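Colleague: Could you take me through how to read the aromatic pairs, the helix packing and the sheets of a model, with the cut-offs stated as we go?

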Amino acid sequence: MSSHRSPRAVLGNLGMIAALLLVAFLLLRLHLGESWWLASPLPAQWTGALAAAAIYAAACFALWWKVRPRKEDIGDDGVPPVLVVWASQTGFAQQLAERTAESLRAAGHKTRLRALDQVDTSLLGNTHNVLFIASTTGEGDPPDHALAFLSRVMTQPAALPHLQYAVLALGDRTYDHFCAFGHQLDDWLREHGAQPLFDTVEVDNAAPDALRHWQQLLGQLGGSVTDVPDWSAPAYQPWRLQERQVLNPGSVGGTVFHLKLYPAEGALPTWQAGDIAEIGPHQSADAVAQWMHDHGFTTTTSLADGRSLRDVLSTSHLPEQIARGDITALAAALKPLPHREYSIASMPSDGTLQLMLRRQLRPDGTPGLASGWLCDYTAPGDSIDLRLRSNRNFHPPRDDAPLILIGNGTGIAGLRAHLRARIDAGAQRNWLLFGERNVAHDFHFGTELQQWQREGGIEHLDAVFSRDGGPFHYVQDALAAHTQRLREWVEQGATILVCGSLQGMAPAVDAVIVQALGADAHEALRIAGRYRRDVY
């Protein structure tokens with residue numbers, strides 16, 4: 001990211017120079033003994049002086065208000081606020097940090113916002129969750145103000161095993177050391193025992209899809225962060241639901257659905273294994289109709305811009321409080337529904353875009369926002385708002401080197417796409433480790449996976465079911481039992497891809513890899529891009 005000086009800073013400097021020149025001119029007239037200084041000031045001069053003093057005081061107050069230390073309220077439970085830290089050269093990272101803090105506050109989280117040079121080990125030691133928004137300047141350099149943190153904090157020992165963190169790394173892919181400072185922060189935090197909430201999110205030249213992904217991942221902190229409107233709405237395309245099937249009838253877990261979709265117009269687009277489908281959910285037609293009836297609007301009501309109120313409400317949060325029939329107040333209160341992200345479970349060679357998702361339920365038992373829309377409120381043939389998003393961090397290796405795929409639950413969706421792509425390419429050195437509850441109900445894509453193994457597309461298939469009493473309880477147990485094979489495959493150039501639950505599975509698998517390969521080899525794999533995760 002470039003290190004050009006901010007236009008606001010340039011204008012501020014020019015304004016200050018002009019003010020100093022004006023003061024010098026007036027003082028010069030004083031020294032020259034001009035008579036107007038020796039006489040009593042006229043009323044107009046008194047007024048001008050008072051106005052100038054008032055403007056100066058207002059400017060000083062505005063500057064203080066902007067940089068004032070905020071009162072940081074710790075709740076009755078004693079949990080410290082979420083710490084949001086920015087390292088910015090041009091001001092963009094600071095803006096994103098402020099947006100992040102606003103989203104967290106809107107979801108009920110207490111936050112404290114800091115520049116990186118205001119952070120020390122004491123503050124980190126008294127924090128449970130911290131989010132870093134860090135830009136990289138020039139050829140991999142940190143922002144100027146971040147140098148104090150590098151010299152004062154990163155050179156000292158720190159014990160941070162209690163700390164959970166995430167990094168939003170801003171950069172420019174045309175530079176050789178893309179997002180280098182963000183990764184430097186990530187490495188330092190890992191080395192000192194901090195636990196990542198999710199993997200570093202890279203942003204190339206303020207790419208809006210990466211920023212939407214960051215906003216979605218903030219939901220890992222709990223609360224209703226993912227219900228906050230998107231900072232930049234995706235440009236959806238219309239797709240059609242072709243087929244929907246329950247994959248796990250009789251399961252003790254939540255119902256899992258398999259969906260097949262196709263474009264409403266044109267041919268099936270291309271995508272890579274690991275890519276994401278961003279879905280624009282809608283309110284159910286019944287919920288919208290009931291809300292309009294309760295608030296005194298007819299089904300034919302339109303907004304001032306001509307849009308159908310019913311259509312706008314279907315893609316918006318339904319306000320709880322609004323004056324009955326007040327269309328103006330309603331238009332001001334409407335906030336669009338945020339997108340939801342799902343791993344694509346298929347490749348174009350399958351003929352459709354396929355998703356796999358578990359129906360989520362709210363505390364009152366009603367279906368969740370997006371899963372309710374996709375699993376309950378639509379029917380085959382209905383239109384679905386969808387946008388494809390490249391997920392570079394989870395793309396497959398470029399050659400036919402061995403591939404180790406590890407996941408649980410609905411994480412099999414993204415892994416299934418990788419296997420399909422590998423089989424299409426004729427790469428057969430594939431090892432899949434998959435975990436779920438019961439083989440009778442939860443072996444998603446089981447028949448297809450077993451067929452691929454018989455045909456040679458999967459070299460090793462370790463399916464683990466925690467409630468069936470087999471030799472392994474969880475997928476990490478199966479990996480731990482095959483550490484010799486793991487070491488051999490890694491020595492032969494294997495890439496490891498992990499997809500599924502952030503809580504439980506992903507950190508447990510990570511611990512097995514560290515124990516089997518050693519911390520240095522584990523870190524080398526991560527740096528080389530041969531150990532990647534898509535966890536949630």
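Modeller: Both W431 and W489 are buried, where buried stands for under 20% relative accessible area, exposed for over 50% and partly exposed for what is in between, with a 1.4 Å probe and protein chains only. This is a predicted model, in which local features need pLDDT of at least 70 and side-chain atom pairs count only at pLDDT 80 or more, whereas totals for chains, interfaces and linings use all residues. Residues are numbered from 1 along each chain as its sequence is written, and side-chain values use heavy atoms, with hydrogens and water left out.

Colleague: What kind of aromatic pair do W431 and W489 form?

Modeller: A pair of aromatic rings is described by the distance of the centres and the angle of the planes. Rings of Phe, Tyr and Trp (its six-membered ring) pair if their centres lie within 6.5 Å, and planes under 30 degrees apart count as stacked, over 60 as edge-to-face and the rest as tilted. W431 and W489 are edge-to-face, at 5.8 Å centre to centre and 65° between the planes. Because W431 lies in strand β16 and W489 in helix α17, the pair ties together parts that are 58 residues apart in sequence; helices (H or I, at least four residues) and strands (E, at least two) are DSSP runs, numbered from the N terminus.

Colleague: How many aromatic pairs does this rule give?

Modeller: The count comes to 6 aromatic pairs. In one of them, the rings of F198 and W214 have their centres 5.8 Å apart and their planes at 80°, so this pair is edge-to-face. F198 sits in the loop between β5 (195–196) and β6, and W214 in helix α8, so parts 16 residues apart in sequence are tied together. F198 is buried at a relative accessible area of 4%, and W214 is buried at 0%. Ring pairs also link F434, F443 and F465 into a cluster.

Colleague: At what angle do α17 and α18 pack?

Modeller: Two packed helices are described by the angle between their axes and the distance between the axes. Helix α17 (residues 483–491) and helix α18 (residues 505–517) pack at about 75°, with their axes 10 Å apart; axes are lines fitted to C-alpha atoms, for helices over the stretch in contact, and angles run from 0 to 180 degrees between N-to-C directions. The two helices are therefore roughly perpendicular to each other, on a scale where under 35 degrees is roughly parallel, over 145 roughly antiparallel, 65 to 115 roughly perpendicular and the rest oblique. T483, L486, R487 and V490 of α17 make the contact with I513, A516 and L517 of α18, contact meaning heavy atoms within 4.5 Å.

Colleague: In what order do the strands of the open sheet of 5 strands stand?

Modeller: The order is β17-β16-β15-β18-β19, with parallel pairing, and two strands pair if DSSP finds at least two bridges between them. The edge strands, β17 (460–465) and β19 (531–535), each pair on one side only, and neighbouring strands of this sheet are turned by 10° against each other on average, direction ignored. Strand β16 (residues 430–436) is joined to β17 by 6 bridges, with L432 opposite L461 in β17.

Colleague: Which residue other than glycine has a phi near 60°?

Modeller: F445 has that positive value, and its place is in the loop between α14 (439–442) and α15 (446–454). F445 counts as buried at 12% relative accessibility.
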